[in-house]
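Dear colleague,

Please find below the structure that I am handing over to you.

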Amino acid sequence: LLAVRRRRPRGPCGPPAGWVLNPRSRDALAGLTAFLLPALVGLGVHQQGLNLLDDGLWLLGGRLVSEGGVLYRDLFSIYGPARYFVLAPFLLLTGQQAVALAIMKAVVDGFAGVLGFTWARRLGAGRWAWLVPLGVIAVAPVYPRYLAAAAFAMWVGGAPWTGRRPWLTGLSWGGLALFGLDMAAYGAVMLAAGWWTAGRPFRPLGQMAAGAGAVAALTLLVAGLRGSLGALWWDAVVYPATRFGGAMGVSWWEAFRDGALLGDVFAGHHTGEVFEAAWPGQSVLRALGLRLMYLLAWILPVALLITGHRRRDARLSVVAALGIAGWATLAARGDVEHLKLVWFALLLMTPVFLGLLAGWRRPFAWVGLGLAVLTLAPLGAEQVGLAASRGRAGLVVWERPGAGVLLAAERRDALEEIATMMDDGNTESIQVWPAQPGLH
């Protein structure tokens with residue numbers, strides 16, 4: 001796949017001096033590397049542990065779709081249907097095993113790395129663009145809806161205001177909304193930023209609304225034909241808009257102030273292991289990095305939005321709007337896991353800022369790089385350490401059909417006891433639903 005050209009010495013005779021990759025081949029190799037770095041680390045990490053609530057519900061919905069069931073009628077979910085349809089092919093390929101979710105997350109991480117890397121280089125970030133795939137390792141997993149939102153931002157930033165592009169933009173917005181009500185709002189914020197930077201043309205807005213409306217109408221029609229229209233409306237529209245914040249809301253400010261929470265090393269890895277610090281000062285550096293992530297999530301999008309407005313560059317303004325849309329997520333659910341999700345947008349901004357700083361005052365760019373390393377390195381080191389030690393003592397494969405993930409032996413035995421009880425016909429909801437839908 002890599003086209004090469006031969007470099008020969010000036011003389012008419014003599015052996016070839018070597019092989020040199022042409023620019024297109026170098027770009028292809030760089031893109032492949034940007035995909036593989038986060039994908040391989042992610043594959044090693046995501047196989048370890050299983051969140052029986054969030055991941056369990058995701059798996060249950062994916063299995064329902066792959067087996068021909070009806071979402072919302074047969075399963076309550078506040079998310080749009082797209083997330084389950086993305087997972088369904090991986091479940092079919094793995095024989096309905098939970099490890100399918102780990103593989104899907106790793107693949108999405110890889111695409112997030114190469115997409116952000118390519119976009120940053122097109123904006124002139126140069127070698128700074130490598131911060132995107134390396135940063136994805138730190139904030140992984142990147143959920144499919146945030147990858148779709150980033151792709152939509154790049155499309156909108158490409159001035160889709162003439163010809164047939166407004167129709168395609170509307171269809172893309174409707175497709176993004178299939179991931180959930182929050183993504184519909186994300187798309188609206190990005191379109192508003194692109195529209196303002198492009199000079200506020202009114203004519204394309206009707207075409208965009210028509211394209212998005214067509215996707216919404218088709219979705220509602222299918223739901224009506226399958227008998228899930230009422231449940232879809234309640235689960236994915238009414239409940240997240242009116243009930244979710246009060247029932248599941250988490251204050252980002254309280255999380256920001258909780259040093260013990262932020263310094264909990266290797267937190268969020270549901271293997272059942274008790275982790276100790278892997279190096280001196282790990283807890284302190286982790287808490288510092290996460291606090292910087294919280295602060296930069298509020299500052300960096302505004303700075304990029306101002307830069308995009310001054311340069312009349314919609315590409316910058318729209319990605320800044322993606323970061324600003326993430327404020328709603330932080331305001332409603334400001335825990336560390338959601339902070340990492342919205343930070344993918346900031347990964348797209350960081351190399352662009354460093355490239356601009358390098359063109360202005362290079363020392364400032366190196367200071368910015370140091371800040372980025374201080375912010376992301378503690379989480380990234382944890383991820384790499386977990387991937388490299390997946391064969392550590394006490395970590396075993398849960399070999400029950402439908403599992404295939406790595407757990408601590410004690411955790412595996414405890415879950416196996418519950419699963420055996422369920423196999424015997426004891427399926428009391430108080431024990432397995434909604435706290436542990438993954439056991440299904």
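**Salt bridges**

In this predicted model, glutamate 254 and arginine 257 are joined through their side chains by a salt bridge, with an N to O distance of 3.8 Å. Both residues belong to helix α12 (residues 252-257), where they stand 3 residues apart, about one turn of the helix. Glutamate 254 is partly exposed, its relative accessible area being 47%. Arginine 257 has a relative accessible area of 51% and is exposed, because the class of exposed residues begins over 50%.

Which residue forms a salt bridge with arginine 392? The partner is glutamate 273, and the closest N and O atoms of this pair are 2.7 Å apart. Arginine 392 sits in the loop between α17 (362-388) and β3 (395-397), while glutamate 273 sits in the loop between α13 (259-262) and α14 (282-311), so the pair ties together parts that are 119 residues apart in sequence. Is arginine 392 buried or exposed? With a relative accessibility of 19%, arginine 392 counts as buried, because buried means under 20%.

A further salt bridge joins the side chains of arginine 315 and aspartate 313, at 3.1 Å from N to O. The two partners can be described in turn. Arginine 315 is partly exposed, with 33% relative accessible area, whereas aspartate 313 counts as buried at 17%. The structure holds 11 salt bridges, and the pairs described here are among them.

**A residue in helix α14**

Alanine 303 is part of helix α14. This alanine is partly exposed, having a relative accessible area of 28%. Along the chain, alanine 303 and phenylalanine 353 are 50 residues apart, and their C-alpha atoms are separated by 9.2 Å.

**The second largest pocket**

The second largest pocket has a volume of about 420 Å³. Its lining consists of 18 residues, and those nearest the centre of the pocket are Ala177, Leu178, Ala216, Thr219 and Val237. Which helix gives the most to this lining? The answer is α9, with 5 residues. At least two residues of the lining come from each of α7 (165-177), α8 (181-197), α9 (203-225) and α10 (229-242). Sorted by class, the lining of this pocket contains 14 nonpolar residues, 4 polar residues and no charged ones.

**Cavities**

How many cavities of 30 Å³ or more does a search of the whole structure find? The search finds 3.

The largest cavity holds about 80 Å³ of space. Among the residues that line this cavity are Tyr146, Tyr186, Ala297, Trp327 and Phe344. Helices α15 (314-332) and α16 (336-360) each supply at least two residues of its lining, and α16 has the largest share, with 5 residues. In this lining, 10 residues are nonpolar, 2 are polar and none is charged.

Yours sincerely,

A colleague

How values were computed: Residues numbered from 1 in each chain as written. Predicted model: local features only at pLDDT ≥ 70, side-chain atom pairs only at ≥ 80, totals over all residues. Heavy atoms only, no water. Salt bridge = Lys/Arg side-chain N within 4 Å of Asp/Glu carboxyl O. Helix = DSSP H or I, 4+ residues; strand = E, 2+ residues; numbered from the N terminus. Buried < 20%, exposed > 50% of the residue type's maximum accessible area, 1.4 Å probe, protein only. 1 Å grid on protein atoms, 1.4 Å probe; cavity = no way out; pocket = protein on both sides within 12 Å on 5 of 7 lines; lining within 4 Å. Points joined across faces, edges and corners; volume = space filled by probe spheres on them. Nonpolar A, V, L, I, M, F, W, Y, C, P; charged D, E, K, R; others polar.
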